[in-house]
Amino acid sequence: MKKIAVLTSGGDAPGMNAAIRSVIRMAGFLHCEIVGIHRGYSGLLEEDFRLLTNRDAGGIVLRGGTMLKTARCPAFFDEDNQKKGARILKNHGIEGLVVIGGDGSVQGAAALSSLGIPTVTIPGTIDNDMHGTDETIGHDTAVNAVVGAVSRIRDTASAHDRAAIIEVMGRFAGNIALDAGIACGAEYILVPEVPFSREKLARSLIGQMKEGRTNSIIICAEGADDGRALGDWLKERTNIDICTTILGFIQRGGRPSARDSILGSLLGAAAVKALLDGQITSLIGMNKGEIRILPYSEAAKEKKIFKKGLYTLAGILGAAQEDEDIAESGL
């Protein structure tokens, strides 16, 4: 291959720029032209391309977001648009494509591969919920953002004898909530994978306060409950002062952690090498600390397993729970 392209798709994730930098530099090292596609699959359909050079990679490694911009493109699920995208790439002489994004991005890449465009995908999503890889770019930074916010919120919650609900991202996966919750010592962690009882949570909060606890931290993934609605209900049910903070896009932005910068750099270089070596139609992910190149079809079979053991440990280390509560969650 003499000319390849790179795009970022779906939600942005800190560390994407590190991956783009690595793709640019590795392509140059291997004497391959690299084209940047702006705004993901939307930019592909609109032919929003430009040639990238080593200069474009300078200074971006510690920047959040993505210098190529990103977008969600529902139109690319349409077969006619997929064919259009493949034609555009071929017309521009692009022989391979590096995609950086989540599960939806993989589907787009797989469709292009079926139409004769060699692709590889680098997993990039703060939720760390992609099949076929232990890690995704952006998750570590998001977790650290939550931990930093909780350290401040606990200070003010303690000063006012309050319980604090911190709603974090995770509509279908509770990995941010779980990892951040155990890292910051949250008393309660609510995730979509494990149903919980508001009544039991209320009883536990009341019991904790009676025993002298001056504050409690409740990390709530958005898919587990609505943070504000839960806060209002708990305040009425327990008469405990409850403050609710929705972190929202604070979790997406900012300088990537060292781990995400390293991960993006490793996976970006591996993606270019895979393309040029013919290891295509594959996810470039991590398995037990090592880079692994896994065909999309095989990656889809490796379902992401919720960390039940870590969740159980978080409950033991957090607020005291009744044995029946743990048993009911199936852990």
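## Close-up views of a predicted model

View 1. Once its neighbours within four places in sequence are set aside, D127 is in contact with H139, M169, G170, N175 and I176. The model shown here and in the other views is a predicted one. D127 sits in the loop that runs between β5 (119–123) and α6 (139–159), and the unreviewed UniProt entry places the feature "active site" at this residue. With a relative accessible area of 19%, D127 counts as buried, because buried means under 20%. D127 is also among the residues that lie nearest the centre of the largest pocket.

**View 2. The largest pocket and its lining.** The space in the largest pocket comes to about 850 Å³, and 36 residues line this pocket, with G11, R72, T125, D127 and R252 lying nearest its centre. Two elements, α5 (103–114) and β6 (163–168), are those that give two or more residues to the lining, and α5 gives the most, with 5 residues. Sorted by class, the lining has 14 nonpolar, 14 polar and 8 charged residues. At least three lining residues are drawn from each of domain 1 (3–138 + 256–300) and domain 2 (142–253 + 307–318).

**View 3. The positions annotated as "binding site".** According to the unreviewed UniProt entry, the feature "binding site" falls at G11, R72, C73, G102, D103, G104 and S105. These positions are spread over 95 residues of sequence, yet they cluster in space, with a largest C-alpha distance of 12.8 Å. From this set, the lining of the largest pocket takes in G11, R72, C73, G102, D103, G104 and S105. One of the annotated positions, G104, belongs to helix α5, and at 36% relative accessibility G104 counts as partly exposed.

**View 4. R72 and its contacts.** R72 is placed in the loop between α3 (54–57) and α4 (79–91), and its relative accessible area of 59% makes R72 exposed, since the term applies over 50%. If residues up to four places away in sequence are not counted, R72 touches G10, G11, S42 and R252. Of these partners, G11 carries the "binding site" annotation in the UniProt entry, as R72 does, and both G11 and R252 are listed with R72 among the residues nearest the centre of the largest pocket.

**View 5. Helix α7 and its packing.** Helix α7 (residues 175–184) is largely enclosed by the rest of the structure, because 8 of its 10 residues are buried. The buried residues are N175, I176, A177, L178, D179, A180, G181 and C184, and they pack against α6, β6, β7 (188–190), β8 (216–221) and α12 (308–317). N175 and I176, from this buried set, are also contacts of D127. The helix is followed by G185, whose phi is positive, near 75°.

View 6. T8 is found in strand β1 (residues 3–8) and, at 0% relative accessibility, counts as buried. Apart from residues up to four places away in sequence, T8 touches M16, I20, R39, G40, T66, L68, K69, T70 and I100. R39 is partly exposed, with a relative accessible area of 27%.

**View 7. D161, another non-glycine residue with positive phi.** D161 lies in the loop between α6 and β6, and its phi is positive, at about 55°, although D161 is not a glycine. At 47% relative accessibility, D161 counts as partly exposed.

**View 8. The contact between the two domains.** The domain assignment divides the chain into domain 1 (3–138 + 256–300) and domain 2 (142–253 + 307–318), each of them made of two segments as listed. The C-alpha centres of domain 1 and domain 2 lie 34 Å apart, and the contact takes 10 residues from domain 1 and 10 residues from domain 2.

Terms used:
Residues are numbered from 1 along each chain as its sequence is written. This is a predicted model: local features need pLDDT of at least 70, side-chain atom pairs count only at pLDDT 80 or more; totals for chains, interfaces and linings use all residues. Side-chain values use heavy atoms; hydrogens and water are left out. On a 1 Å grid over the protein atoms alone, a cavity is a set of points where a 1.4 Å probe fits but cannot get out, and a pocket is an open set with protein on both sides within 12 Å along at least five of seven lines; lining residues have an atom within 4 Å of a point. Grid points are joined across faces, edges and corners, and a volume is the space filled by probe spheres set on the points. Helices (H or I, at least four residues) and strands (E, at least two) are DSSP runs, numbered from the N terminus. Ala, Val, Leu, Ile, Met, Phe, Trp, Tyr, Cys and Pro count as nonpolar, Asp, Glu, Lys and Arg as charged, and the others, Gly among them, as polar. Domain bounds come from an automatic or database domain assignment. UniProt positions are given in the numbering used here, feature names are shortened, and annotations may be inferred rather than shown by experiment. Buried means under 20% relative accessible area, exposed over 50%, partly exposed in between (1.4 Å probe, protein chains only). Contact means heavy atoms within 4.5 Å.
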